[in-house]
Amino acid sequence: MRDAGLASEIRGLAKQRNAVILAHNYQRPEVQDVADFVGDSLGLSRQAAGTGADVIVFAGVHFMAETAAILAPDKLVVMPEARAGCPMADMITAVKLAAWRSEWPGVPVVTYVNSSASVKAASDVCCTSANAVEVVRSLDVPRVLFAPDRNLASWVASQLPEVDVVAWNGFCPTHDRVSAEAVMEAQREHPSAETLVHPECRPEVVALADRVLSTSQMLRRAAESEADEFVIVTEEGLLHALRKAAPRKRFHTLARTMTCPNMKLTTLEKVRDCVEALEPRVTVPADVRERALAAVERMVAIG
Ligand code: CIZ
Ligand code: SF4
């Protein structure tokens with residue numbers, strides 16, 4: 001009841017402010033439900049770029065709101081919880097990336113979108129978990145530097161044996177913590193389930209997957225698959241979106257569920273306060289923005 005009252009207050013404020021509310025697939029269910037759009041970071045950024053709204057309220061983590069600001073420079077971008085960062089994105093800085101790159105002259109840098117705007121700006125091309133293999137393949141080079149996720153880098157390397165993928169030693173604490181044993185236990189418990197694994201997991205966990213997919217790809221797969229039961233190995237917020245996308249199917253998490261504490265910092269109360277006050281704002285300096293945009297646009301051109 002309290003949630004319903006808050007949600008209608010938020011919708012009213014959003015209308016008054018001409019704001020669009022974007023929520024990531026890992027957000028709390030009630031935050032997903034109040035949003036205009038729910039999706040992965042790139043899908044939401046595309047919504048941000050195409051919106052007719054004046055204000056973008058980004059319920060996610062900081063790098064995602066920055067990406068929205070990169071793609072929609074004329075909009076006011078705010079996020080309900082400014083402290084919601086991404087530990088993996090924080091594992092590399094533009095200065096560290098520049099030093100690494102100087103050790104590998106001429107080798108292109110591919111950067112996962114889970115990174116700060118300044119790290120994107122110091123990269124050649126971005127990728128998401130959905131298109132990382134395609135982006136690296138399209139470069140048609142014998143070697144790439146890949147930052148910051150070592151596990152996504154391993155997945156790309158396994159798909160493209162002809163490319164030497166040199167990985168930065170970053171990782172997502174939520175996905176990297178999952179053990180192969182925990183996945184096998186869930187598979188034993190649900191023997192007819194299809195196992196969908198996010199490529200931020202370790203290689204031995206990825207090896208147990210029926211499919212290795214980004215969150216948007218998992219949503220599509222759940223609706224399309226012949227299977228009616230799934231073991232889902234990614235942040236548990238996606239379960240809410242999966243159950244909405246395929247209401248008659250069953251989705252199982254691991255015994256110890258996977259939660260990203262940063263994603264859960266955003267609450268309905270904070271969304272309300274943010275839409276009301278139109279802060280905290282997220283901005284990207286113009287010079288950083290231009291170079292980061294170039295890296296994102298190169299990715300979008302690849303597909
Ligand atoms: O890019 C995103 O939104 C993330 C962090 C996960 C995914 O696979 O969609
Ligand atoms: Fe970062 Fe992992 Fe949380 Fe995603 S789930 S925001 S990669 S820490």
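The legends below describe close-up views of a predicted model.

Local features are reported at pLDDT of at least 70 and side-chain atom pairs only at pLDDT 80 or more, while totals for chains, interfaces and linings use all residues. Residues are numbered from 1 along each chain as its sequence is written, chains are lettered from A and ligands numbered from 1 in the order in which they are written, and side-chain values use heavy atoms, with hydrogens and water left out.

**View 1**
Helices (H or I, at least four residues) and strands (E, at least two) are DSSP runs numbered from the N terminus. Two strands pair if DSSP finds at least two bridges between them. Strands E1 and E3 run parallel and are joined by 5 bridges, with Ala 23 standing opposite Ala 59 of E3. E3 also pairs with E4 in the parallel sense, over 3 bridges, and here Ile 56 has Val 77 in E4 as its bridge partner. From E3 the chain crosses through H4 to E4, a right-handed β-α-β crossover. Right-handed is meant in this way: with the strands pointing away from the viewer, the path from the first strand over the helix to the second runs clockwise.

**View 2. The two faces of strand E3.**
A residue is called buried under 20% relative accessible area, exposed over 50% and partly exposed in between, using a 1.4 Å probe and protein chains only. In E3, 5 of 5 residues are buried. In a regular strand the side chains alternate between the two faces of the sheet. Val 55, Val 57 and Ala 59 are buried on one side of E3, and Ile 56 and Phe 58 are buried on the other.

**View 3. Helix H4 and what covers it.**
Among the buried residues are Phe 63, Met 64, Glu 66 and Ile 70. Contact means heavy atoms within 4.5 Å. The cover over the buried residues of H4 includes strands E1 (19–24), E3 (55–59) and E4 (76–78), together with helices H3 (41–50), H6 (117–121) and H15 (286–302).

**View 4**
Strand E7 (residues 143–147) is mostly covered, with 4 of its 5 residues buried. E7 pairs with strand E5 (residues 109–112) in the parallel sense over 3 bridges, and Thr 111 stands opposite Ala 147 in E7. E7 also pairs with strand E8 (residues 164–167), again parallel, over 4 bridges; Phe 146 stands opposite Ala 167 in E8. Together with helix H8 (residues 150–159), E7 and E8 make a right-handed β-α-β unit.

**View 5. The open sheet containing strand E11.**
This sheet has 4 strands in the order E10-E9-E11-E12, with parallel pairing. Strands E10 (211–212) and E12 (250–252) are its edges, each pairing on one side only. Strands E9 (residues 194–197) and E11 (residues 229–233) pair over 4 bridges, and Val 197 has Val 233 in E11 as its bridge partner.

**View 6. Glu 229 in strand E11.**
Glu 229 is found in strand E11. Glu 229 counts as buried because its relative accessible area is 8%. Its side chain makes a polar contact of 3.2 Å with the side chain of Ser 192. A polar contact is a pair of N or O atoms within 3.5 Å; within protein, one atom must be able to donate a hydrogen and the other to accept it, and residues adjacent in sequence count only if both atoms are side-chain atoms. Not counting residues up to four places away in sequence, Glu 229 touches several residues, including His 190, Arg 250 and His 252.

**View 7. The surroundings of ligand 1.**
Residues with a heavy atom within 4 Å of a molecule are said to be near it. Those around ligand 1 include Tyr 26, Asp 40, Asn 114 and Thr 215. Oxygen atoms of ligand 1 lie 2.6 Å from a polar side-chain atom of His 24, 2.7 Å from an N or O atom in the side chain of Ser 129, and 2.5 Å from a polar side-chain atom of His 198.

**View 8. Ser 214, one of the residues around ligand 1.**
Ser 214 lies in the loop between E10 and helix H12 (215–224). Ser 214 counts as buried because its relative accessibility is 1%. Leaving aside neighbours within four places in sequence, Ser 214 is in contact with Ser 129, Ala 130 and His 198.
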